[in-house]
Amino acid sequence: MQQDMFRSIASDYETPTYVFDMRALAQRVDFIRKLLPKETKLCFAMKANPFMAGVLADMVDRLEVCSPGEYEICIREQIDPEKIVVSGVNKTLASMERILSYSHGAGIYTIESELHYQILKQCAGRINKRLQVLLRLSSGNQFGMDEPTLERVLASIQTDNIADIIGIHYYAGTQKKMSKLENELQQLEIFGAKLKEKYHISDMELEYGPGLMVSYFEDASPSELTASDAKKQLETLNNLLSDMHAYGNISIELGRFLTSDCGYYMTQIMDIKHTGKAGFIIVDGGIHQINYFGQMMGMKKPYIQLVKANSHETDIPENAGKWTICGSLCTVNDVLVRQIELDSFETGDFLVFERCGAYAVTEGMALFLSRELPQVLLIDLDGNIRILRKKTEINILNSKMEEN
């Protein structure tokens, strides 16, 4: 976005604030679709940014929900349950009954354990409807089932006849190199072919989370920057998917890679000072509100814009030098960036952290020191700004709550 847009936002709205640009998001979805096989479905991993779910529901084929709370957001956004994949490691009978009261059995449900199968079997019997299920294959972590367990559940489903197995779900982490993807897809091709032959499943689907890389830092090594080039990664993924034949349909699940570039975090410079030779900038935000994958105590430099509160420029550098940007928390850990080169700034100006469209809004230490949650702004497809969340006091969450 242009500096004038940020300056206008700073003038009209409070900081700190998140800004999510749906115009950039639409361009990102179009960019991804053009570089993947035409028939590939796109699934948005909602945990990356639940504020985008309502808009993205009209841009992608599915949304993956991993908690009852995320499903409640979908209900409020009136998202068609047919487009929702209900995932997550802790499905309970109560949470599934609540979800099914809204979906009436529509949508897709992952099975990550034998207990999940028993819960879904009970739920399907109560509503007297067959459920569409994905069997989640584990990569060795806590998610999904190993191959013997998955096959055991698959055989039970075919015997009980209470669900339709539409395919396999697989996700093994984020920020992965292409060599890792290639190895995963080769193994999934072998496993898929085995299931088709052994259990006579036709048109089996693979829902795959590739965990494509996003470059967050300007000082990343050349190898990291090359690995995280979006176009190159998608072209490689396209070639890998084109060589797969065990699955009739493939759905690519994306979160970080889809939304990171579409978000910004704005925070105002409140104080400028030196303690000895060290220069510090104090902002009204902090590490409780912004999180980058691999941030490491402010040692890496994210992409940042300095936005002057006034549009006039000066030829005389003010405050030129290296600065450490710190937030409003009373802890030495509240360092956003160390030793960054800045000049011609003053209190009242703004810093805009880029590539904050994924996880930054949800992964920070939001409750620490009882500072309020920042507001969330959304720029819609027509360029209009909407407030999705006002600045919200949270001190009530960190103290005794009065009984009703």
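Predicted model: local features only at pLDDT ≥ 70, side-chain atom pairs only at ≥ 80, totals over all residues.
Local features need pLDDT of at least 70 and side-chain atom pairs pLDDT 80 or more, while totals for chains, interfaces and linings use all residues. Residues are numbered from 1 along each chain as its sequence is written, and side-chain values use heavy atoms, without hydrogens and water.

Eight strands form a closed barrel in the order β2-β3-β4-β5-β6-β7-β8-β9, with parallel pairing. Strands are DSSP runs of E of at least two residues, and helices are runs of H or I of at least four, numbered from the N terminus. Pairing requires at least two DSSP bridges between two strands. From one strand to the next, the twist averages 30 degrees. Strand β2 (residues 41-45) pairs with strand β9 (residues 249-254) in the parallel sense over four bridges. Leu42 stands opposite Ile252 in β9. Helix α5 packs on the sheet and touches β4 (84-86), β5 (108-111) and β6 (131-136). Its direction makes about 160 degrees with that of β5. Contact means heavy atoms within 4.5 Å.

Helix α4 (residues 68-76) and helix α5 (residues 93-103) have axes that come within 10 Å and cross at roughly 15 degrees. Axes are lines fitted to C-alpha atoms, for helices over the stretch in contact; angles run from 0 to 180 degrees between N-to-C directions. The two helices, α4 and α5, are therefore roughly parallel (angles under 35 degrees). On the α4 side, the contact is made by Pro68, Tyr71, Glu72, Cys74 and Ile75. Helix α5 contributes Ser95, Arg98, Ile99, Tyr102 and Ser103.

Conventions:
Parallel < 35°, antiparallel > 145°, perpendicular 65-115°, else oblique.
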